[in-house]
Amino acid sequence: MTKESHAHALLNNLETYIRSQKFGETPQELYEPISYILSLEGKRIRPLLSLLAYGMYKNDPESILSQASAIEIFHNFTLMHDDIMDNAPLRRGKMTVHEKWNSNVAILSGDVMLVRAYDYLLPTEPALLPKVIRLFNETAAGVCEGQQMDMNFETRDEVHEDQYLTMIRLKTAVLLGYALQMGVVLAGASDEDAQKIYDFGVNVGVGFQLKDDLLDVYADQTKFGKQVGGDIISNKKTYLLIKALELAEGDDKRELAYWIAKEDFDKEEKVNAVKSIYEKLGIKKLAEDKMNDFFNEGFNQLASIHYKNTAFYEEIRQLTEDLIHREK
């Protein structure tokens with residue numbers, strides 16, 4: 001198979017597998033939302049990385065479609081509940097579950113998804129199952145901790161850089177790390193390699209979130225797919241705003257405080273004004289440098305792994321590179 005076709009074939013198999021699953025029948029209102037959110041146009045990056053990571057050591061990655069799907073089910077459970085907390089009307093361009101049904105249905109359906117995720121981990125070899133479950137539980141708790149930190153930040157005037165990086169590591173990056181780690185654990189890799197690929201996933205996961213922070217402010221509007229500057233408009237405490245608040249002095253500090261406090265404003269005017277402050281303070285380069293530090297550390301970890309199948313290793317690397325250079 002060519003480098004491109006491993007991921008393509010596995011993604012097709014994964015999609016077919018997930019769409020064929022029956023999570024339950026009655027009450028219909030409990031189970032329909034699960035099929036609905038899993039049918040939306042997600043990239044399936046996490047389960048795909050599990051399959052590719054497994055493929056670095058063994059030639060039958062399709063044998064862990066169930067476990068890989070567990071990660072996708074859990075990920076979508078977190079999205080379903082996050083959407084309720086954020087009062088988000090849309091997910092991937094479609095109505096969120098709580099909008100299409102209601103919040104109570106979304107809470108219960110999400111709960112069932114979490115339970116079902118464990119079902120999909122059960123086909124694991126008995127000797128490995130306790131480890132897979134333990135690592136999954138650590139990851140799941142970490143994701144919840146990160147979400148709570150993110151909500152806490154909304155009502156805090158001051159958030160420090162290290163606090164923000166800890167939050168995004170927990171909320172988004174640890175699940176990416178676990179997806180890769182689970183793949184190599186199921187394939188029988190050493191504990192050392194399992195830890196290295198976990199660290200790779202966590203580091204690039206943090207880098208991806210910093211990339212998202214940058215794209216929200218500096219993306220090409222024609223390619224981005226949503227409003228550029230949305231984080232500025234909502235005063236979201238991204239890495240860029242946190243660094244600007246830390247470094248701004250004098251007039252810049254006063255103007256930044258003015259725009260953060262102002263409730264009635266022209267959106268374009270606010271975005272341009274805050275971006276102007278970012279430019280004066282060199283915020284874009286600071287964020288890019290921090291992002292690249294995490295990417296470089298991640299790739300150093302990946303390069304030190306003792307893998308068996310070069311094609312799958314290269315495809316993990318290529319998939320990651322593609323995500324790094326995305327424009328939306």
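**Contacts, rings and core**

Modeller: Let us start with a polar contact of 3.2 Å, which joins the side chains of Gln21 and Ser20. Keep in mind that this model is predicted.

Biologist: What makes the link between Gln21 and Ser20 a polar contact?

Modeller: The cut-off for a pair of N or O atoms is 3.5 Å. The Gln21–Ser20 value is 3.2 Å, so the pair is within that limit. Neighbours in sequence count only if both atoms are side-chain atoms, and here the contact does join side chains. Gln21 also has a side-chain polar contact of 2.9 Å with Tyr120.

Biologist: Where is Gln21, and why is it called buried?

Modeller: Gln21 is in the loop between H1 and H2. Its relative accessibility is 18%. Buried means under 20%, so Gln21 counts as buried.

Biologist: Tyr120 came up as a partner of Gln21. Which ring does Tyr120 pair with, and why is the pair called tilted?

Modeller: The structure holds 10 aromatic pairs. In one of them, the ring centres of Phe23 and Tyr120 are 6.0 Å apart, with the planes at 45°. Centres must lie within 6.5 Å to pair. Stacked needs under 30 degrees and edge-to-face over 60.

Biologist: What makes Tyr307 and Tyr313 a stacked pair?

Modeller: Their planes are at 10°. That is under the 30 degrees used for stacking. The centres are 4.1 Å apart, so the rings pair and the pair is stacked.

Biologist: What makes you say that the charge of Lys284 sits over a ring?

Modeller: The charged end of Lys284 is 4.8 Å from the centre of the Tyr218 ring. The distance limit is 6 Å. Arg317 also sits over a ring, that of Phe299, with its charged end 4.5 Å from the centre.

Biologist: Which residues have the most contacts inside the largest nonpolar core?

Modeller: They are Leu210, Tyr278 and Ile316, in a core of 103 residues. Helix H8 (residues 161–186) gives the most to this core, with 16 residues.

Biologist: Where is Ile316, and why is it called buried?

Modeller: Ile316 is in helix H16 (residues 310–324). Its relative accessible area is 0%, so Ile316 is buried. Beyond its close neighbours in sequence, its contacts include Leu49, Leu180 and Leu302.

Biologist: What does Tyr278 touch?

Modeller: Leaving aside neighbours within four places in sequence, its contacts include Val217, Tyr218, Leu240, Leu241 and Ala244. Leu240, Leu241 and Ala244 are among the buried residues of helix H12 (residues 239–247).

Technical notes:
Residues are numbered from 1 along each chain as its sequence is written. This is a predicted model: local features need pLDDT of at least 70, side-chain atom pairs count only at pLDDT 80 or more; totals for chains, interfaces and linings use all residues. Side-chain values use heavy atoms; hydrogens and water are left out. A charge sits over a ring if NZ of Lys or CZ of Arg is within 6 Å of the ring centre and within 35 degrees of the ring normal. Helices (H or I, at least four residues) and strands (E, at least two) are DSSP runs, numbered from the N terminus. Buried means under 20% relative accessible area, exposed over 50%, partly exposed in between (1.4 Å probe, protein chains only). A polar contact is a pair of N or O atoms within 3.5 Å; within protein, one must be able to donate a hydrogen and the other to accept it, and residues adjacent in sequence count only if both atoms are side-chain atoms. A nonpolar core is a set of buried Ala, Val, Leu, Ile, Met, Phe, Trp, Tyr and Cys residues joined through side-chain atoms within 4.5 Å. Contact means heavy atoms within 4.5 Å.
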